[in-house]
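Me: I would like to go through this model with you, one topic at a time. Could we begin with the strands?

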Amino acid sequence: MRFSGFDALSDRAKSLGKAKVAVAAAADKEVMEAIKLAVREELITPVLIGDVEQIKRLAVEIKFSLESVELIDEPNALEAANRAVDIIVDGKAHFLMKGLINSSDFLRAVLRSERGLRTGRLLSHLAAFQVPGFSRLLFVTDGGMNIAPNLAQKKEILENSLLYLQGIGMDLVNVILLAANEIVDSKMPATMDAQALAEMSRAGEFPGAVVEGPLALDGAVSAVALKHKGISSQINGEVDLFLTPTIEVGNVLGKSMVYFAGATMAGIILGAQVPIVLTSRSDTPRSKFMALTMAALSRTMP
């Protein structure tokens, strides 16, 4: 199964009933706008942890009723993050969202040695893009977390994404290992890593996925480009997931789709005990809402 767009993701998530989300340092206008939208769509039940007086002021400003919202007063941002993680550890919420707190402080609470959310897996970012002209969502990893992953880390990043995508119903995931071109060259480590991952796939290490690379972007999305280059591909331009060699490639690819192609983007952090919504301040409330949707869908995962 593929998802035609974010509406299809949202419909599936809402069919599961309301997910409970713990929001750390929730007194952030853009975050609360997204929470308001998700509550209105009956997607979530929020627990807002932070400076309650400030949360209430923002709620009035954006016309968001807090009547059915659980509030926990904790003005200290780091302590708010710790209390949000405690809620997850105690099984009282399905996933976690970052509010007005520095990302490193927030992740420190997530990864604390006692009552943290470690699993032993690498944390990685998975982004989804609805691009005008494409009949399906496109996914990109990792353009937001790991700077220059080595081969072992790329394998973990890929496994995180496949675990999520297959868990939400994509039974066969077409993966392209991006590089500047298709020639394997020791001077271009990305091509060497891609070749190694493709060999792992052929050996059966990524069940439920077709993994090809190294491949440049044109061949990833265009059967015509593949034919012109004389490249045989099982995916043949029908990519679902791009695995990027570095954070710069993932970041530029994603922002190019948004700013040049008018795409809508959402993303979550994988690899912890639950998905984590850690958005950029530049993300729109709609984008943050779709990130909440992606996290809420994780309840279908085994």
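This is a predicted model: local features need pLDDT of at least 70, side-chain atom pairs count only at pLDDT 80 or more; totals for chains, interfaces and linings use all residues.

Me: How many of the seven residues of strand β10 are buried?

Reply: Five of the seven residues of β10 (residues 264–270) are buried, so the strand is largely enclosed by the rest of the structure. Buried means under 20% relative accessible area, exposed means over 50%, and partly exposed lies in between, with a 1.4 Å probe and protein chains only. Helices (H or I, at least four residues) and strands (E, at least two) are DSSP runs, numbered from the N terminus.

Me: What follows β10, and where does V274 lie?

Reply: V274 lies in the loop between β10 and β11 (276–277).

Me: Is V274 buried or exposed?

Reply: V274 has a relative accessible area of 12%, so it counts as buried.

Me: Now β7. How many of its six residues are buried?

Reply: Six of the six residues of β7 (residues 173–178) are buried, so the strand is largely enclosed by the rest of the structure. V173, V175 and L177 point one way from β7, while N174, I176 and L178 point the other way.

Me: How many bridges join β7 to β8?

Reply: Five bridges join β7 to β8 (residues 209–215), and the two strands run parallel. The chain passes from β7 through helix α7 (residues 189–202) to β8 in a right-handed β-α-β crossover. Right-handed means that, with the strands pointing away from the viewer, the path from the first strand over the helix to the second runs clockwise. In the pairing itself, V175 stands opposite V211 of β8.

Me: And which residue of β9 is the bridge partner of L177?

Reply: The partner of L177 is L243 in β9. Strand β9 (residues 241–243) is parallel to β7, with three bridges between them.

Me: What about phi of K63?

Reply: Phi of K63 is near 60 degrees, a positive value in a residue other than glycine. K63 sits in the loop between α3 (52–61) and β3 (70–73) and is exposed, at 70% relative accessible area. N236 also has a positive phi, near 55 degrees. N236 is in the loop between α9 (223–229) and β9, and its relative accessible area of 37% makes it partly exposed.

Me: Which residues form the nonpolar surface patch?

Reply: F134, L217 and V221 form the patch, with about 210 Å² of accessible area together. V221 belongs to helix α8 (residues 217–221).

Me: What does UniProt place at residues 257–278?

Reply: An unreviewed UniProt entry places a "transmembrane region" there. In the model, residues 257–278 are 23% helix and 41% strand, and the end C-alpha atoms lie 20 Å apart. UniProt positions are given in the numbering used here, feature names are shortened, and annotations may be inferred rather than shown by experiment.

Me: Which residues does the domain annotation cover?

Reply: The UniProt annotation "domain: Phosphate acetyl/butaryl transferase", from an unreviewed entry, covers residues 81–295. Over that span the chain is 40% helix and 19% strand, with the end C-alpha atoms 18 Å apart.

Note on methods. Residues are numbered from 1 along each chain as its sequence is written. Side-chain values use heavy atoms; hydrogens and water are left out. Two strands pair if DSSP finds at least two bridges between them. Patches are made of residues with over 30% relative accessible area and no salt bridge: like charges are joined within 9 Å, nonpolar side chains (Val, Leu, Ile, Met, Phe, Trp, Tyr) within 5 Å. Accessible areas come from the Shrake-Rupley method with a 1.4 Å probe; for residues, only the protein chains shown count as cover. A salt bridge is a side-chain nitrogen of Lys or Arg within 4 Å of a carboxyl oxygen of Asp or Glu.
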